[in-house]
Amino acid sequence: MVSFDNVDDMVIDARSVTLALGDPPTQILHGLDLKVARGSSVALLGPSGSGKSSLMAILAGLERASAGTVQVDGLDFGGLNEDGLARARRGRIGIVLQAFHLLPTMTARENVAVPLELAGVADAFDRAQAELEAVGLGSRLDHYPAQLSGGEQQRVAIARALAPRPALVFADEPTGNLDTATGATVMDLLFSRHAALGATLFVITHDPSLAARCDRVIEMADGRIVADSRR
């Protein structure tokens, strides 16, 4: 059972987070407060332009907040430079995007293993194979992205995100490039692996039925959190 109230077990603790971009600056996020329990699943809903992806970018260490504090997995992101944020993401945060972003000249196994090797994991190729087998691609290890269907490519992306055993996995519209049936299969796998590994899952989606599968649903509008419900 995930506890939503134990402040010592929050994988995300963001306070008064703002984001302003451009010159002159346009306010994107307006003083957001958000705490996320370790091991939970969270859906982030909202129309285009509501600030969902901007919030994810800050929480994932891809963008720096203009003001406020952001702690992820016990680490203060506000005190880190770009290199520090890159190191903080490594092994701590997995990201699955709508576009698969697989390297076309690498096989499925290499796409999963090479980031592990760069992170210094000794058994990178063995772990990559195990993770690909866990998402049903044991027979496709040596296939290149062009030889895989869209659903298979997204499974590789999920394996790549989860192979380092991150504390937190962000999925930004992960079924956006897939048909309905394939998207449902991919999400079943993502939820299954999240549960098996105990990683916190943070899903950005427009799909209310997908959001309903999560422990918690947060809605955004105009750069603010306007609703927050828990099962």
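1. In this note, helices (H or I, at least four residues) and strands (E, at least two) are DSSP runs, numbered from the N terminus. The structure is a predicted model, and the remarks below should be read accordingly.

2. The largest pocket holds about 710 Å³ of space. Its lining comprises 27 residues. Those nearest the centre of the pocket are Ile93, Ile95, Pro115, Arg160 and Pro164. By class, 18 lining residues are nonpolar, five are polar and four are charged.

3. Which elements supply at least two residues each to the lining of the largest pocket? They include helix 2 (82–89) and strand 6 (93–97), together with helix 3 (108–118) and helix 5 (150–162). Helix 3 gives the most, with six residues.

4. Helix 3 and helix 5, which both contribute to the pocket lining, also pack against each other, at an angle of about 20° and with their axes 9 Å apart. Because angles under 35 degrees count as roughly parallel, helix 3 is described as roughly parallel to helix 5. Helix 3 passes helix 5 in a right-handed crossing. On the helix 3 side, the contact involves Ala108, Asn111, Val112 and Pro115; on the helix 5 side, Val156, Ala159 and Arg160 take part. The contact of helix 3 with helix 5 has five nonpolar, one polar and one charged residues. Two of the residues named here, Pro115 and Arg160, are among those listed as lying nearest the centre of the largest pocket.

5. Helix 3 also packs against helix 4 (residues 124–134): the two axes come within 8 Å and cross at roughly 130°. That angle makes helix 3 oblique to helix 4, and the crossing is right-handed. Helix 3 brings Ala108, Arg109, Glu110, Val112, Ala113, Leu116 and Glu117 to the contact, while helix 4 brings Ala124, Phe125, Arg127, Ala128, Gln129 and Leu132. By class, the contact of helix 3 with helix 4 has eight nonpolar, one polar and four charged residues.

6. How is helix 5 placed relative to helix 6 (residues 180–197)? The two pack at an angle of about 15°, with their axes 10 Å apart, so helix 5 is roughly parallel to helix 6. Helix 5 passes helix 6 in a right-handed crossing. From helix 5, the residues in contact are Gly151, Gln154, Arg155, Ile158 and Leu162. They meet Thr182, Thr185, Val186, Leu189, Leu190, Arg193 and Leu197 of helix 6. By class, six residues of the contact of helix 5 with helix 6 are nonpolar, four polar and two charged.

7. Asp23 and Pro24 are joined by a cis peptide bond, with omega of about 5°. Pro24 is found in the loop between strand 1 (10–21) and strand 2 (26–37). Ser16, although not a glycine, has a positive phi of about 50°, and Ser16 is placed in strand 1.

Note on methods
Residues are numbered from 1 along each chain as its sequence is written. This is a predicted model: local features need pLDDT of at least 70, side-chain atom pairs count only at pLDDT 80 or more; totals for chains, interfaces and linings use all residues. Side-chain values use heavy atoms; hydrogens and water are left out. On a 1 Å grid over the protein atoms alone, a cavity is a set of points where a 1.4 Å probe fits but cannot get out, and a pocket is an open set with protein on both sides within 12 Å along at least five of seven lines; lining residues have an atom within 4 Å of a point. Grid points are joined across faces, edges and corners, and a volume is the space filled by probe spheres set on the points. Ala, Val, Leu, Ile, Met, Phe, Trp, Tyr, Cys and Pro count as nonpolar, Asp, Glu, Lys and Arg as charged, and the others, Gly among them, as polar. Axes are lines fitted to C-alpha atoms, for helices over the stretch in contact, and angles run from 0 to 180 degrees between N-to-C directions. Angles under 35 degrees count as roughly parallel, over 145 as roughly antiparallel, 65 to 115 as roughly perpendicular and the rest as oblique. A crossing is left-handed if the near helix is turned anticlockwise from the far one by less than a right angle, and right-handed if clockwise. Contact means heavy atoms within 4.5 Å.
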